[in-house]
Amino acid sequence: RQNTIIKEGNDILGNRGSKLVWLGKSDQILSVGFQSSTRTLAVYDVKNLSKEFTSSSVDNGSSVLTPHYDPDIGVLVLWGKGDGSIKFYEINDKTPFIHRLIDYNTNVPQVGVHFMHKTFVNVKDVEIARALKLSQDSIQPIQFIVPRQRKELFQDDILPPTRAAEPTVTSSEWFAGVTKEPKLVDLKPPDMKALSEAPQLVRKIKKYTPEDDTFTDPDKLKNIVLEKFHAKMKEFQDDEEEQESEEEWSD
């Protein structure tokens, strides 16, 4: 705000093109760029921009990836122009810090992808993100849904309060140095109970308690198997004799 440089660092991930995104309230920046011909992610600590904190290879695609970060659940989404996939990662403080999740794959190349505000998601379907994918001849809405049991409950562990789509300070206040916490909106519908408030399910495992030792005594088990075998063979023998008898009468 004071028009002064606070921190400087080395070139980030080469000169083929890179993009940056803040990782929520942490003092970290994520960069998406290239190392040689490999698309790469790198996390930097703003206290020391001279070297990366950690990095991870993505693939050998040629387009520059665009990052979208969800600070509510620590999920990073990557998409590239001309790609048919959208990639998901989780960023947390557990080694190796950058964790590959899943890819959303299609055979339709994308020209652009826009992630809508969290208030547009259908929480009753456990939808955590919604995007609009622009291709050469269409705009396709995409829902990203987490498979969960007990969907009648609001999944507040992955749908926490999110930033409201309204400012907390005016432009003049911001340039004057005023800082305020962002307003949050609760995504829980009034007619749903939160998962964290619901009693845990107790799964009862029925133990097998045989009335006798038939299935634990090897000799008894052997006799049962042999009896069933002989009974089955007798059925086959009776069927063959009956068939031969019918053929004699037909002659």
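A salt bridge is a side-chain nitrogen of Lys or Arg within 4 Å of a carboxyl oxygen of Asp or Glu. Arg-100 and Asp-103 make such a contact, their closest N and O atoms being 3.0 Å apart. The model is a predicted one, in which local features need pLDDT of at least 70 and side-chain atom pairs count only at pLDDT 80 or more, while totals for chains, interfaces and linings use all residues. Residues are numbered from 1 along each chain as its sequence is written, and side-chain values use heavy atoms, with hydrogens and water left out.

A search of the whole structure finds 13 salt bridges. One of them joins Glu-181 to Lys-25 at 3.2 Å, N to O. This pair links distant parts of the chain, 156 residues apart: Glu-181 is in the loop between helix H1 (171-175) and strand S14 (184-185), and Lys-25 is in the loop between S1 and S2. Here helices (H or I, at least four residues) and strands (E, at least two) are DSSP runs, numbered from the N terminus. Both Glu-181 and Lys-25 are exposed; buried means under 20% relative accessible area, exposed over 50%, and partly exposed in between (1.4 Å probe, protein chains only).

Another salt bridge, between Asp-191 and Lys-124, spans 3.0 Å from N to O. Asp-191 lies in the loop between S14 and strand S15 (193-194) and Lys-124 in the loop between S9 and S10, so this contact ties together parts that are 67 residues apart in sequence. Asp-191 counts as exposed because its relative accessibility is 57%, whereas Lys-124, at 40%, counts as partly exposed.

Now to the strands. Two strands pair if DSSP finds at least two bridges between them. Strand S1 (residues 19-22) pairs with S2 in the antiparallel sense over four bridges, and Trp-22 has Ile-29 in S2 as its bridge partner. Five residues separate the two strands of this hairpin, and Gly-24 in the turn has a positive phi of about 60°. S2 also runs antiparallel to strand S3 (residues 38-45), to which eight bridges join it; there, Leu-30 stands opposite Val-43. Strand S2 (residues 28-35) is mostly covered, with six of its eight residues buried.

Seven bridges join S10 (residues 127-134) to S11, and Glu-127 stands opposite Ile-145 in S11.
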